Structure formats: structure tokens, C-alpha cells
Amino acid sequence: MTLPSAQKMYALIEGTWPAATKLAIGPWTIRLDGAGGFRVSAATAEMPPTVDDIPIAEEAMRESEQTPLFMIREGDEALDAMLETRGYVIKHLTNMYAAPIDELATKRPPPVTTFESWPPLAAQTEIWTAGGIGPARIAIMDRAHPPKTSLLGRIDDTPAGTSYIGIAADCAMIHALEVDEAHRRQGLARHLTQAAAFWAKDQGASYLTLLTTQANDAANALYSSLGMTVVGQYHYRTLPE
């Protein structure tokens, strides 16, 4: 089974984690959602830009009170070099993982460990908030189109983790997987990922996908141990603070 390509993964991000506003200006897609994090507030090149096109994107983002931010995808090497010349620095080198659903949905988590919930419960919001995932990012989950769900993870009858899963085309993508600091390294992230695979399979998805920064050693080790494969990368370029 052929895994999703990097280009398909970029489309999955758009489909499952949508920006509040998108503008098409010149060669750019400009995302305007400054409080929602990099994925929903970065510009991307939809055709090869020139040096003269970069100020167009910068101006559009500044007019909306956003710091200029560019997502650099595979094939954007020339843009990456132009931005580096202008003083932009790299942020969030990110791995994109994928695996066939049938290879992940093989063993369910222990009973009463994970629960599906839409909309998310207050306990999940509290876990997300503690992990830095605030109202603006929860609003992204709200406006995403179904099929979608969230998962609550429990340890010793205590809410301890949560995640959001959306589906676009034949792929499910996990976002905002967060485990409470006091309950980490007890296997809950693995259980939440496995539970997501079973939910996605029930919805007819063929693949489970997710994103994690290259600096997150624990997450990269977990997803590799589950048999997931890195199918592409991306990073951001922004001006130094």
C-alpha cells in the first residue's frame, strides 16, 4: 500500500486544521489566524515566487497584525534560500508520519483508558490549556468539517490526556495530542494513537497520519515504534525576535 505523499499531507493539514481566513494574493496563499499557531497563520507559495513577491506576502500579514511567516514545503528550496537571504530564521522543523490504518488498528487500548467525545469535555479543555493549546486552537477544531472527534485518555480513573482527530479524503490526522505532565511516560500517548486508528478505521479511513517536530525525541520514538513512517517534512521561516 502506497503511503500518502508529502503533497497529500500538506492538503490534509488544510483539510483537518483549517485557518480562519485564507487569501489568494499573487503566488501566495495567506492564512490569517494569528492566535491559532503557525499552521494556520503561515503563507505558502502556490507557484514559484520571485524576490519581488515576498514583500507582497509580508505586507498582507502585517496589515492583519501578524508577523511575516512562511511555511516551507518540499519543492520550496528556492523560496527558502530567498528568505534566508532576507534574514528569516528556521522554526519548527517538522516530520510528517503516516501508516496504513490496518497496521495500527490491531490492539485496542485497555478498557476505560480512552473515550471518544464530541464536543470535547471540560476536562479535555483543561488538559489542552495546561499544555499551551488555548481557545484559538480549540476554535480550529470547532470549525473543521466532519468527520472528526476528540479522545479523552484516563490513567487510574483520572483524566490525563486528550487529542483531536479529523478526516480528509481517505486519511485521518491526529492533532493536539497532549498528555498531562504528571501522567507522561505511562503509555497514554500510545493508547490515544491506537484509539485514533480504531476510530478512523470505523469512519472508512485508509491511513492514520500526524505531525511532530524533529526536536520532540519522545514523540518521534513513539511513532516510529508503532510502525509509522516519515513521508515528508516542512519547516517555517520567520523574522528573528
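**View 1. The largest cavity has a volume of about 40 Å³.** The model is predicted: local features need pLDDT of at least 70, side-chain atom pairs count only at pLDDT 80 or more, and totals for chains, interfaces and linings use all residues. Residues are numbered from 1 along each chain as its sequence is written, and side-chain values use heavy atoms, with hydrogens and water left out. A cavity is a set of points, on a 1 Å grid over the protein atoms alone, where a 1.4 Å probe fits but cannot get out; lining residues have an atom within 4 Å of a point. Points are joined across faces, edges and corners, and volume is the space filled by probe spheres set on them. The count is 1 cavity of 30 Å³ or more. Its lining consists of Y10, I13, E14, R31, R39, M71 and R73. Helix α1 (residues 6-16) gives the most, with 3 residues. By class, the lining holds 3 nonpolar, no polar and 4 charged residues.

**View 2. Strand β10 (residues 207-213) is largely enclosed by the rest of the structure, because 6 of its 7 residues are buried.** Buried means under 20% relative accessible area (1.4 Å probe, protein chains only). Helices (H or I, at least four residues) and strands (E, at least two) are DSSP runs, numbered from the N terminus. Two strands pair if DSSP finds at least two bridges between them. β10 pairs with β5 (residues 89-100) in the antiparallel sense over 7 bridges. Y207 in β10 is the bridge partner of P100. With β9 (residues 171-179), β10 pairs in the parallel sense over 4 bridges. Here C171 stands opposite Y207. From β9 the chain crosses through helix α7 (residues 188-202) to β10, in a right-handed β-α-β crossover.

**View 3. The largest nonpolar core has 29 residues.** Such a core is a set of buried Ala, Val, Leu, Ile, Met, Phe, Trp, Tyr and Cys residues joined through side-chain atoms within 4.5 Å. L104, I165, A172, L208, Y223 and M228 touch the most other members. Elements giving two or more residues include β5, β9, α7 and β10. α7 gives the most, with 8 residues.

**View 4. The largest pocket has a volume of about 1200 Å³.** A pocket is an open set with protein on both sides within 12 Å along at least five of seven lines. Of its 36 lining residues, L177, E178, T212, N216 and A219 are the closest to the centre. β9 gives the most to the lining, with 6 residues.

Definitions and conventions: Ala, Val, Leu, Ile, Met, Phe, Trp, Tyr, Cys and Pro count as nonpolar, Asp, Glu, Lys and Arg as charged, and the others, Gly among them, as polar. Buried means under 20% relative accessible area, exposed over 50%, partly exposed in between (1.4 Å probe, protein chains only). A crossover is right-handed if, with the strands pointing away from the viewer, the path from the first strand over the helix to the second runs clockwise.
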